[in-house]
Amino acid sequence: MSNHIFFKGCGTALLTPFKNNGMEVDYDAMAKLVDRQVEAGIHFLVPLGTSGETPCLTDVEKIKIIQVTKEHAAGKPIVVGGGSNSLQQTIQNIKFLEPFEPDAFLIVVPYYNKPTQKGLFEYFKAVAGSTDKDIILYNVPGRTGANIEAETTLRLAEEVENIVAVKEASGRYAQISQIIRNRPEGFSVLSGNDDEVLSLMATGADGVISVASNVDPARMVGLVEALQKDDMKTARALHYKLMPLMKNCFVESNPIPAKAALSQLGLMENSLRLPLFPATEETEQIIRETLAELF
């Protein structure tokens, strides 16, 4: 895997700012969001993921979001979400977005279909075979209804050269530990849950694709870098400082609370696209209290 990027550190699953009650993407706010990430020392950026409300974006908007991200990324690696629950659609997404030269594609386990492990293996093998770009698997059974088991992830890592990493958001510590223990050299394991970064990196994971880093990128970078240095005292202090944010970003469906937080920080309008709807007043108050503790 010598020609591939080894994804490590803190990557941000970027939110997509909207204006006019969700009618338009706010590209100025997007640029400022990326600038803030870069200034905080973020290691890589992930536009067009679930957190970016990507299923509700048009093709024209997707292109512009990648372009704005690249323009402001200061050379940081860019991982672009490209998955769907259809092989043909996922390959089409990749072919459509490839000309904008992302460093890798993040491909989610197909949702709703409930594929078998054999189906998942063949699906990801076919996706990877359609492109020269690197592929990061994304396992999030709470949203997809299917879990990619450790044996399947490891087989893909061993047998498919451009499958280079997994974003693991299953919350199954034993499963993730099995992947970390048995992965081939050059295969990266990234936490998909902010509140598991400490435990997973302490036992060998390489980083995180984070939601909380949209809100507090500097501390999330600090947490990950402390763990990379085995500075557990600093890491524990940052983990507990960030814990309310990590938890409260999910009191409603992601990205509703995180978008409320960025709105309260004056970084974007609190606009989402249906079927997502802005946070309740109760959530807004929880976020206000969370931000008051942080900043």
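Me: Is Asn93 buried or exposed?
Reply: Buried means under 20% relative accessible area, exposed over 50%, and partly exposed is in between (1.4 Å probe, protein chains only). Asn93 comes in at 14% relative accessibility, so this residue counts as buried.

Me: What kind of model is this, and what pLDDT do local features need?
Reply: Residues are numbered from 1 along each chain as its sequence is written, and side-chain values use heavy atoms, with hydrogens and water left out. This is a predicted model, where totals for chains, interfaces and linings use all residues, side-chain atom pairs count only at pLDDT 80 or more, and local features need pLDDT of at least 70.

Me: Which residues does Asn93 touch, not counting those up to four places away in sequence?
Reply: Asn93 has its place in helix H3; helices (H or I, at least four residues) and strands (E, at least two) are DSSP runs numbered from the N terminus. Contact means heavy atoms within 4.5 Å. With sequence neighbours up to four places away set aside, Asn93 touches Gly82, Gly83 and Ser84.

Me: Which residues have the most contacts inside the largest nonpolar core?
Reply: A nonpolar core is a set of buried Ala, Val, Leu, Ile, Met, Phe, Trp, Tyr and Cys residues joined through side-chain atoms within 4.5 Å. The largest one has 75 residues, and those with the most contacts inside it are Phe124, Ile163, Met220 and Leu223.

Me: How many residues are in the second, separate core?
Reply: Phe7, Ala104, Ile136 and Tyr138 are among its members. The count for this separate core is 16 residues.

Me: Which residues are closest to the centre of the largest pocket?
Reply: A 1 Å grid over the protein atoms alone is used: a pocket is an open set of points where a 1.4 Å probe fits, with protein on both sides within 12 Å along at least five of seven lines, and lining residues have an atom within 4 Å of a point. About 1,000 Å³ of space lies in the largest pocket, the volume being the space filled by probe spheres set on the points, which are joined across faces, edges and corners. Its lining has 43 residues, and the closest to the centre are Gly49, Thr50, Ser51, Tyr138 and Arg143.

Me: How many aromatic pairs are there, and what is the angle between the planes of Phe7 and Phe44?
Reply: Rings of Phe, Tyr and Trp (its six-membered ring) pair if their centres lie within 6.5 Å; planes under 30 degrees apart count as stacked, over 60 as edge-to-face and the rest as tilted. That rule gives two aromatic pairs. Phe7 and Phe44 have ring centres 5.6 Å apart and are edge-to-face because their planes are at 65°.

Me: How many residues apart are Phe7 and Phe44?
Reply: Phe7 lies in the segment before strand E1, while Phe44 is in strand E4. The pair links distant parts of the chain, 37 residues apart.

Me: Which residue does a cis peptide bond join to Asn254?
Reply: Most peptide bonds are trans. Here omega is about 10°, and the cis bond joins Asn254 to Pro255.

Me: What is phi for Leu48?
Reply: Leu48 sits in the loop between E4 and helix H2, and is buried at 3% relative accessible area. Most residues other than glycine have a negative phi. Leu48 is not a glycine, yet its phi is positive, at about 65°.
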